[in-house]
Amino acid sequence: MGMRVSNEQSDSAAESCVAILSKRFGGSDVVSTVEHHSNAFKMAFVRIHCPPQHWPAVAKSLRFDHGANYCSMVTGTHFPEGSDDRGWEVVYHLMRQPVVDQKPFTNTVLVASELTGSDIPLEFEILVALPQGDEPSVPSVQSVWVGADWNEKETWDLVGIRFEGHENMHRVLNPHDSPEGFHPLQKQHKLRYHDYNEMYDDAQGFGRKPTDEGRVK
Amino acid sequence: MAQMWITMGPQHPMTHGLWTLRVKVDGETVVDTEAELGYIHRGVEKIAESRDFTQITPYCDRLCYVSAMTWANSYIYAAEDLLEVEVPERAEYIRLISAECQRLASHLMWLGAYGPDIGSLTLMTWCMRDREMFLDLLQELGGSRMHYNYPRIGGVKRDIPVGFADRLVAKVKLFEKRIEEYEMMLDESTIWLVRLQGVGYANAEDMVNAGVSGPNIRAAGVNYDARWAHPYSVYDQVDWEPAVEKPTSVKGADCYDRYRVRMEEMRQSCRMILDAIEKIPGGKNTNYSNGDEMILAKAPTRAPEGATGFSNYECTRGASKFYIQGGGDGRGKNPYRLSIRSPMFITIPYVAKTMIGYKVADIPAIMGSFDPCIGETDR
């Protein structure tokens with residue numbers, strides 16, 4: 001018969017995680033809460049609002065105290081019309097996986113209903129809001145998770161958020177000779193123009209003229 | 001001997017798509033590697049910002065041309081998280097069956113492509129023959145052979161046709177026998193074993209830290225699987241257990257373990273499909289009309305600003321994830337930002353580094369065993 005992590009398990013894991021985090025980072029602006037998905041199973045996850053200066057400390061705490069061993073995704077978002085202290089946002093999705101190395105000829109069969117404490121798989125969502133400006137930057141966590149390396153490369157490449165301390169930063173999805181400062185997921189880049197469709201006629205947007213400003217469909 | 005850089009790709013049989021692996025070699029030994037991606041970057045994330053939530057599904061199909069159904073489903077679960085939709089149980093069963101059929105087709109495509117990498121062209125013809133069965137089944141559901149646009153926010157496009165269940169069961173049962181044929185051919189083949197065993201070691205903790213997921217970590221001896229760990233659909237109601245291998249070395253899983261785990265995973269998918277088609281609520285030979293509340297729930301079309309949704313999904317190559325922020329153009333009709341996590345985008349740079357120390361001739365064997373797909377990598 002099939003199995004799954006129960007709601008009680010994920011609730012208790014998320015609550016104990018939030019209790020520890022609130023105690024540890026109580027005085028600062030780091031706010032952690034238990035949230036629930038709104039689709040079928042309503043599983044719990046931990047959402048943390050974290051100012052950029054505290055992010056490396058929070059990251060290390062999550063990695064080494066809470067077992068968040070898996071950096072799933074890094075998302076950068078541009079809010080040109082947002083408030084002054086949230087012109088950009090970086091969202092990290094981390095996961096906790098009870099995975100350990102195996103001795104030869106052995107395996108670990110994890111049974112969902114028997115997992116307790118820090119073995120329960122859990123999702124973390126960390127929101128780092130960055131102030132308005134042309135040079136958004138956030139400390140890199142490349143040294144905490146190897147998996148954050150290419151995620152951060154992609155976020156810089158597409159959104160233009162600088163990751164302080166990231167080694168070997170380079171373009172990954174855009175052409176390597178893209179003009180400096182060209183990051184297509186920033187909101188000033190639009191897909192369609194007044195009399196031609198940039199998607200087809202000028203895929204990279206390099207041929208855009210200053211006169212096109214404000215004439216976006 | 002002087003070391004030198006060799007460029008493999010973008011046109012190379014090893015790459016399974018368009019990307020470049022730059023290899024630094026010392027004689028026959030690989031001493032450094034660099035992956036270069038982005039050849040087919042289409043900007044799906046940007047396009048999605050000017051499409052409404054329904055229109056995004058076909059783009060997600062096209063993320064991976066080998067595994068369209070799982071990618072569309074992956075998006076749909078995130079969109080349902082954002083829009084707060086409850087899905088009818090019959091629709092969840094149909095999605096499970098379609099996703100598992102797609103997993104079989106995708107793993108067959110992987111095996112078929114891996115055969116010529118190793119030197120067995122017969123394998124490719126056999127796999128293409130069997131994959132055709134599942135493409136036919138998926139065509140009955142979605143109307144197309146590769147890009148189905150089948151799942152909908154709140155359910156599925158249409159119900160399973162009358163007679164589909166019988167054809168499904170017959171084909172899956174036939175395929176279960178065929179898996180044994182594959183194993184007889186491959187596990188007895190000296191070439192296959194020599195090329196795969198003891199090559200491309202990767203251990204579980206390293207892989208998780210590097211963001212590798214799915215069958216690749218299950219090959220290293222841990223049955224971590226998003227289908228039970230971050231549950232969705234009705235996987236808790238059907239009969240299955242995650243496929244997991246016992247690695248033969250302290251260094252972790254080799255290429256052979258990764259081949260074994262995918263064969264086992266195909267068996268589990270068959271088991272799941274056979275069980276789910278019997279348990280499907282409303283009966284396996286009933287056909288509800290399009291939009292019936294048994295297969296499609298009503299879903300809002302707009303998401304307010306500040307609303308977010310994300311969900312984990314066990315794709316055929318690992319855990320995929322969509323993160324959607326609501327409140328885009330058209331008073332929330334479009335997403336403000338849609339972000340896609342592709343398992344292979346993270347895996348390929350990791351795999352490139354695991355090749356260090358092996359011979360140049362091992363590169364296709366190692367790369368192929370991780371099942372790269374460039375469509376989803378470059379998005």
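Student: Strand 2 and strand 3 of chain B, how do they pair, and over how many bridges?
Tutor: Strand 2 (residues 20-26) and strand 3 (residues 29-36) of chain B are antiparallel, with 7 bridges between them. This is a predicted model.

Student: Which residue does Lys24(B) stand opposite?
Tutor: Asp32(B), in strand 3 of chain B.

Student: What is the strand order of the open sheet there?
Tutor: The order is 1-2-3 in chain B, three strands with antiparallel pairing. Strand 1 (4-8) and strand 3 of chain B are the edge strands, each pairing on one side only. On average, neighbouring strands in this sheet are turned by 25 degrees against each other, ignoring direction.

Student: And strand 1 with strand 2 of chain B, over how many bridges?
Tutor: Over 5 bridges, in the antiparallel sense. Ile6(B) has Val23(B) in strand 2 of chain B as its bridge partner.

Student: Which helix lies across strand 2 and strand 3 of chain B?
Tutor: Helix 13 of chain B, residues 343-354. It runs at about 165 degrees to strand 3 of chain B.

Student: How many bridges join strand 6 and strand 7 of chain B?
Tutor: Strand 7 covers residues 318-325 of chain B and pairs with strand 6 over 8 bridges, antiparallel. Within that pair, Asn312(B) stands opposite Lys321(B) of strand 7 of chain B.

Student: Now the interface. How many residues of chain A are in contact with chain B?
Tutor: 46 residues of chain A, against 58 residues of chain B. The largest share of the chain A side, 6 residues, comes from strand 3 of chain A. By class, that side has 26 nonpolar, 16 polar and 4 charged residues.

Student: What ipTM and pTM does the predictor give the complex?
Tutor: An ipTM of 0.86 and a pTM of 0.89. Chain B averages a pLDDT of 89, with 100% of the residues scoring at least 70.

Key
Residues are numbered from 1 along each chain as its sequence is written. Chains are lettered from A and ligands numbered from 1 in the order in which they are written. This is a predicted model: local features need pLDDT of at least 70, side-chain atom pairs count only at pLDDT 80 or more; totals for chains, interfaces and linings use all residues. Two residues are in contact if their C-beta atoms, placed from the backbone, lie within 7 Å. Helices (H or I, at least four residues) and strands (E, at least two) are DSSP runs, numbered from the N terminus. Ala, Val, Leu, Ile, Met, Phe, Trp, Tyr, Cys and Pro count as nonpolar, Asp, Glu, Lys and Arg as charged, and the others, Gly among them, as polar. Two strands pair if DSSP finds at least two bridges between them. pLDDT is the predictor's confidence in each residue, from 0 to 100. Axes are lines fitted to C-alpha atoms, for helices over the stretch in contact, and angles run from 0 to 180 degrees between N-to-C directions.
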